[in-house]
Amino acid sequence: MAQPLSRSVRGRYYRRTVLPEGYDLRALREDDAPALAATYVRNREHLAPWDPVRPEEFYTEAGQLASVRAKLASIEEGRSDTWLLHHGTEVVGQLNINNIIRGVLQSASIGYFVDRDHLGRGLATRLVEHAVRRAGELGLHRLEAGTIVDNLPSQGVLQRAGFVHYGTAERFLFIAGRWQDHHLYQRILNDHPAGEAVP
Ligand SMILES: CC(C)(COP(=O)(O)OP(=O)(O)OC[C@H]1O[C@@H](n2cnc3c(N)ncnc32)[C@H](O)[C@@H]1OP(=O)(O)O)[C@@H](O)C(=O)NCCC(=O)NCCS
């Protein structure tokens with residue numbers, strides 16, 4: 001059941017995403033593919049419990065180029081939005097705003113990860129706050145996220161970013177080779193009429 005947002009959460013909504021020194025958040029580009037391949041190789045074990053099983057090609061530059069091109073096409077069509085967290089020459093995090101649905105729903109679902117060597121610095125929380133700001137710019141009414149029931153770090157991130165737990169879905173997503181129960185979170189962003197951009 002959704003709860004009214006607190007005053008402080010409403011305030012955060014309009015604030016620009018502030019990152020620790022040395023980090024930079026940029027929209028996905030085609031030439032990010034090689035760095036992304038290196039990120040996925042480096043983080044294969046870290047992400048394995050929380051991701052679908054990936055084909056071997058996914059961990060190659062060619063595989064990432066194909067994936068990036070598909071994402072850029074989806075962004076162009078207004079169906080998603082992807083941002084990468086950079087640290088020097090490395091990509092150390094990713095935020096996906098997926099499944100943008102318009103009409104009377106005006107909602108999207110988010111997914112994210114942070115590199116195993118950059119955890120516990122508040123970076124995922126910043127990524128989710130950025131998702132909230134972008135969703136406002138895109139004129140969405142609501143964001144949702146599902147986490148495997150024992151992914152406590154991700155649940156902490158969502159709660160800090162003003163999301164509320166509204167249910168649990170049994171055998172919801174096919175992750176790490178099996179259908180897994182997920183806690184569902186949402187954040188209602190505004191009550192503007194459907195499709196109207198937030199000023
Ligand atoms: C879940 C995940 C994204 C969290 O990333 P993260 O960058 O470590 O998250 P944050 O730093 O924002 O928050 C995590 C912890 O760091 C702490 N933290 C926040 N800011 C901090 C700071 N400035 N300094 C130190 N610690 C900080 C938080 O308190 C939090 O601890 P808690 O949950 O025990 O209270 C990351 O573990 C990950 O990529 N996991 C694998 C993929 C995944 O699960 N994705 C989500 C699927 S739903």
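## The model and the chain

The structure is a predicted model, in which local features need pLDDT of at least 70 and side-chain atom pairs count only at pLDDT 80 or more, while totals for chains, interfaces and linings use all residues. Residues are numbered from 1 along each chain as its sequence is written.

The chain holds six helices and seven strands, where helices (H or I, at least four residues) and strands (E, at least two) are DSSP runs numbered from the N terminus. Read from the N terminus, the order of these elements is α-β-α-α-α-β-β-β-α-β-α-β-β. Of the 199 residues in the chain, 28% are buried; a residue is buried if 20 or more other C-beta atoms lie within 10 Å of its own, exposed if 12 or fewer, and partly exposed in between, with C-beta atoms placed from the backbone.

## Strand S4 and its partners

Strand S4 (107-114) is mostly covered, with six of its eight residues buried. Strand S3 (residues 90-101) runs antiparallel to S4 and is joined to it by seven bridges, two strands being paired if DSSP finds at least two bridges between them. Gln-94 has Phe-113 in S4 as its bridge partner, and in the hairpin of S3 and S4, which has five residues between the strands, Gly-103 takes a positive phi near 65°.

With strand S5 (residues 142-148), S4 pairs in the parallel sense over three bridges, and here Ser-109 stands opposite Glu-144 in S5.

Leu-119 lies in the loop between S4 and H5, and Leu-119 counts as partly exposed because it has 15 C-beta neighbours inside 10 Å. Helix H5 (residues 123-137) has 15 residues, which at 1.5 Å a residue should span 21 Å, and this agrees with its end C-alpha atoms, which are 21 Å apart; the expected span is 1.5 Å times one less than the number of residues. The buried residues of H5 include Leu-123, Arg-126, Glu-129 and His-130. Just after H5, Gly-139 takes a positive phi of about 75°.

## Around the ligand

The shell around the ligand draws at least two residues from each of S4, H5 and helix H6 (152-160), and H6 gives the largest share, four residues. Among the 18 residues around the ligand, those that come nearest are Phe-113, Gly-122, Ala-124, Thr-125 and Gly-156; a residue is near a molecule if its C-beta atom, placed from the backbone, lies within 6 Å of it.
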